Amino acid sequence: MELKKYCLLFKWAAMGMALIFLTGCSILAPKPAPKPEKTEVGRHLPPKEISPEPIPKPMEEPSVPKPLPPKRERPAEPPVDQQTPMALASVTFSRQGQAYLKTNKPDEAIRVLERAVNLNPRNGENYFYLAEAWIMKGNASQAREFNRLAEIYMKADPEGMGRVQSQKERINKLK
Amino acid sequence: MTILYLANLTEGMDKRFAGRLWDLPSKIYSDITLLYPGQALNPPLLLEKLDRLGYRAVSGTPSRPGEMRFSKTALEIYLHEFHSPFHEQQSASVWVGLKDSRVTSITRSDMDTKGAILELEPEVLMLYYGPDRERRQLISIGQLPGHLLHAVMAAEDHGFYDHSGIQIRGILRALFTNLKEWEISQGGSTITQQLAKNYFLTPERTLSRKFKELLIAGILEYKFDKDTILEMYLNEIYFGQEGPVSINGIGEASRFFFDKSAADLSVSESAVLAGLIKAPNSFSPHRNLERCTARRNDVLEAMHKNGWLTAESFEEEKARPVKPAPYRGYHQQAPYFMDYLTGQLTSLYSRETLSSEGLSIFTTIDTEVQSAAEKALKKGLERLEAANPALKRQNPGQSLQGAVIVMQPKTGYILAMVGGRDYGVSQFNRAVQARRQPGSAFKPFVYLAALDQYTPVSMLDNSPQTFMVNGQPWTPKNYYAQAEPVISFRKALAQSQNLATVNLAYGMGLERVTQIARTFHFSAPDDPYPSMALGTLEVEPLSLARAYCVFPADGVLPFPLSIREVADTGGKTIESRHATIERLTTPAKAYLMSDLMRDVVRDGTARSLKQMGVTWPVAGKTGTTNDSQDAWFVGYTPNLVALVWVGFDNNDSIKATGATAALPIWADLMKTLPQYVSGEWLPPPPGIETLTICVDGREIAREGCCPRVMEEIFLSENRPETLCRQHECSSNLEKVWNGIKKILPSF
């Protein structure tokens with residue numbers, strides 16, 4: 001009984017504080033609105049009252065400015081000390097591939113760069129150099145595919161993206 | 001008459017020499033095996049591989065090629081020498097530090113610095129024999145040490161460089177012995193005669209054949225110099241039998257018996273091989289070391305008597321123990337893959353070329369993955385039969401079958417292919433030849449096709465319905481009758497809901513299902529029908545595995561690659577095959593599908609994977625067809641795609657689902673391949689956005705208004721744009737009140 005009374009008191013006190021806040025009282029510092037309960041990505045049970053309409057609801061202009069979602073980009077390769085053993089091993093093959101390209105040996109370069117990709121599919125440099133090897137072999141369609149992959153994985157690296165763009169232009173000039 | 005006969009013989013010889021001298025079988029190799037610091041290993045699989053490569057455990061420090069010592073803290077290995085167009089391996093001792101089945105460091109004796117990566121030579125998977133089934137490695141006489149030539153001459157024909165191909169004394173002695181015993185038993189042949197007999201004549205012992213042998217020997221001596229004759233002899237001579245295959249020529253013999261090139265043979269080793277020529281199987285060091293040593297000593301003595309070995313060296317060499325390389329059997333591996341590969345190879349080369357020109361064919365197969373896949377399938381099928389004896393069949397040809405394919409998604413490398421339970425019983429390669437319905441394993445392609453119109457939070461009708469198909473009623477069912485009547489896009493795929501999927505297909509148009517099937521290179525009819533969405537189109541398992549590569553490979557479809565390189569006998573590359581890729585969908589859609597399929601594993605039809613010990617990020621899809629005729633699981637990580645199919649060839653029911661029949665095999669397989677588990681998941685590509693969504697309203701959550709929210713990912717081009725209309729707060733006061741209610745939920 002005592003507890004209920006205290007709770008009620010506290011509830012009214014909270015209401016009062018909220019009213020003070022809303023009316024712009026400056027003696028109390030504003031508090032952030034409580035965050036709603038969050039669940040893991042897409043793993044919440046849907047409510048049963050949902051309309052059975054399978055087609056998505058028509059898009060409407062929002063009544064208030066919509067929250068801007070964070071744009072996600074693939075991060076550049078993490079620092080060496082944070083890379084997996086597979087990723088570190090792939091660096092050896094990646095370097096071999098670059099060395100073969102310098103000596104104009106595209107087939108040898110592709111052979112080791114494919115191994116590098118299998119070990120670490122997240123390293124955009126490997127796709128970039130594979131595209132270089134295919135350019136050397138005069139195969140524009142494969143060069144273009146690997147250039148696109150390089151673009152996806154090197155998005156966060158401005159210098160790398162510059163190279164990818166210039167590579168794309170060279171590919172477009174290939175017949 | 002005699003002149004005519006001689007002319008005929010000479011012409012026959014010329015014809016023989018004009019062409020190729022010997023048929024050399026092509027060798028088919030696996031891929032190389034990598035060991036690098038930080039790599040997790042499966043020691044039993046690695047040890048099996050080393051055993052197949054001919055490395056034998058020794059108790060002391062490995063000191064010769066082919067020796068190894070394994071402990072919990074290190075693998076010490078003395079590498080074989082190996083040369084290929086892309087892999088030069090010198091014989092050297094290597095120390096691989098281990099801790100908790102993980103490589104800590106690698107140190108090579110032939111390098112100053114610590115080598116970051118050790119590349120173990122590829123395994124010979126198969127030899128592509130002609131009808132003679134001979135193994136041979138050609139040598140030229142200039143490469144051979146003098147003591148080897150002396151040993152051979154001492155053992156077989158010490159006067160080789162002095163006579164003219166025939167020794168009358170030897171012939172008379174043989175003739176006398178043969179007449180005395182009234183049968184042809186004694187040879188007494190010179191090296192030239194032996195070459196004539198082995199290379200040009202059939203093995204029967206008759207007087208007429210002996211006469212021909214003498215004539216041919218004479219012609220050989222007339223036409224060729226001594227070195228050429230000796231070289232031909234050394235390449236031709238028979239050194240014994242290894243199973244169904246014969247070892248021919250000194251090059252192959254030195255590799256087989258001493259694991260080294262003939263150029264590197266010691267005096268003692270040369271004498272062992274020379275001694276073998278007389279009776280290869282009796283004097284084989286693998287069969288009777290004592291007899292072999294005695295014969296070796298006879299040859300050394302003959303070398304000494306002929307002045308080719310000093311007394312001191314003779315005593316020294318005689319005292320050396322005979323130490324042959326460990327016996328290495330040549331067994332065919334990955335037989336279904338070999339059949340598949342042969343199909344690919346015969347489009348490049350004729351069967352005759354493959355069996356005679358000694359090509360080296362380097363493939364993508366990883367024998368550790370192959371071995372793990374074969375074991376996992378065998379164990380899984382036996383487990384199913386043990387759990388349900390009704391699945392057992394009396395006739396092994398009708399027994400429960402399965403197939404496994406493992407590929408690398410970005411390059412399409414086929415790492416393993418198992419086309420059936422027992423190649424000896426059935427050579428039908430189910431991995432590439434079987435056409436089966438994929439069932440729900442096809443659904444991801446339907447959901448992918450729908451991504452332009454639907455999002456993961458779109459709600460789908462999942463209630464029982466009857467559809468009219470060609471005037472006939474069709475009532476698909478969900479696996480569980482009590483399924484939710486309305487279900488989200490994400491959950492419908494995770495739980496593999498049939499009704500929701502059929503409604504989805506109708507919603508976007510059935511022709512989109514045909515279109516997506518064709519995009520992925522499945523054959524689809526012109527007139528679409530609704531059950532296609534549930535996987536009633538027949539597919540080959542390899543095509544399905546390949547199609548799944550698109551999801552972890554940023555939307556690109558790789559060509560399934562089995563051959564990497566073909567080299568000629570001189571080691572020169574004559575054919576290179578590279579990964580070729582084709583873009584089928586956007587990286588963002590591929591990523592979104594992978595995210596949806598992670599839920600299949602997290603809390604959908606494949607959720608038991610975690611209990612089976614697969615705790616790292618995996619996506620995949622189960623599949624079960626009508627009456628459980630087929631059970632599938634296709635699962636993947638960023639590094640591997642693996643497909644498992646289980647079923648009967650005659651379409652009998654296996655009375656199990658993809659989750660209960662195929663999934664455990666997949667889990668068994670993946671758990672044995674720690675070297676392919678990076679533990680990472682795919683990073684989100686450009687074009688993916690994460691939004692906070694109202695669980696009830698399925699629209700963008702209003703902060704402070706929507707009581708239950710969740711994060712969901714969307715394609716940038718198809719994302720909710722509207723704020724939740726179910727929870728519109730009328731004022732800031734209401735927002736705050738909602739927030740307070742959150743803090744004090746008990747009031």
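**Labels and their cut-offs**

Tutor: Start with the surface. The accessible surface of chain A comes to about 10800 Å², and 61% of it belongs to carbon and sulfur atoms. Such areas come from the Shrake-Rupley method with a 1.4 Å probe; for residues, only the protein chains shown count as cover. This is a predicted model, where local features need pLDDT of at least 70, side-chain atom pairs count only at pLDDT 80 or more, and totals for chains, interfaces and linings use all residues. Residues are numbered from 1 along each chain as its sequence is written, chains are lettered from A and ligands numbered from 1 in the order in which they are written, and side-chain values use heavy atoms, with hydrogens and water left out.

Student: What makes up the pattern of chain A?

Tutor: Helices (H or I, at least four residues) and strands (E, at least two) are DSSP runs, numbered from the N terminus. Chain A has 6 helices and 1 strand. Along the sequence they read α-β-α-α-α-α-α.

Student: Why is B:Asn718 called buried?

Tutor: Buried means under 20% relative accessible area, exposed over 50%, and partly exposed in between (1.4 Å probe, protein chains only). B:Asn718 has 8%, so it is buried. Its place is the loop between strand 30 (708-715) and helix 22 (732-743) of chain B. In chain A, 37% of the 175 residues count as buried.

Student: What makes the neighbours of B:Asn718 polar contacts?

Tutor: A polar contact is a pair of N or O atoms within 3.5 Å; within protein, one must be able to donate a hydrogen and the other to accept it, and residues adjacent in sequence count only if both atoms are side-chain atoms. A polar atom of the B:Asn718 side chain lies 3.3 Å from the backbone oxygen of B:Asp452. The backbone oxygen of B:Tyr454 lies 3.0 Å from a polar atom of that side chain. Both distances are within 3.5 Å.

Student: Why is the pair A:Phe128 and A:Tyr129 called edge-to-face?

Tutor: The structure holds 22 aromatic pairs over all chains. In this one, the centres are 5.1 Å apart and the planes 85° apart. Rings of Phe, Tyr and Trp (its six-membered ring) pair if their centres lie within 6.5 Å; planes under 30 degrees apart count as stacked, over 60 as edge-to-face and the rest as tilted. So A:Phe128 and A:Tyr129 pair, and they do so edge-to-face. A:Phe128 is buried at 5% relative accessibility. A:Tyr129 is buried at 17%.

Student: How do you know that a charge sits over the ring of A:Phe128?

Tutor: The rule asks for NZ of Lys or CZ of Arg within 6 Å of the ring centre and within 35 degrees of the ring normal. The charged end of A:Arg163 sits over that ring, 4.9 Å from its centre. In chain B, B:Lys226 lies over the face of B:Phe160, at 4.5 Å from the ring centre.

Student: What makes strand 8 and strand 9 of chain B a pair?

Tutor: Two strands pair if DSSP finds at least two bridges between them. Strand 8 (residues 93-99) and strand 9 of chain B have 6 bridges, in the antiparallel sense. So they pair. One bridge partner of B:Trp95 in strand 9 is B:Thr107.

Student: Why is A:Asn104 called exposed?

Tutor: Its relative accessible area is 55%, which is over 50%, so A:Asn104 is exposed. A:Asn104 lies in the loop between helix 2 (85-102) and helix 3 (106-119) of chain A.

Student: What does B:His150 touch?

Tutor: Contact means heavy atoms within 4.5 Å. B:His150 touches B:Met303 and B:Trp308, not counting residues up to four places away in sequence. B:His150 is found in helix 3 of chain B.

Student: How do you know that helix 8 of chain B is mostly covered?

Tutor: In helix 8 (residues 249-258), 10 of its 10 residues are buried. What covers them includes strand 12 (134-136) and helix 3 (146-156) of chain B.
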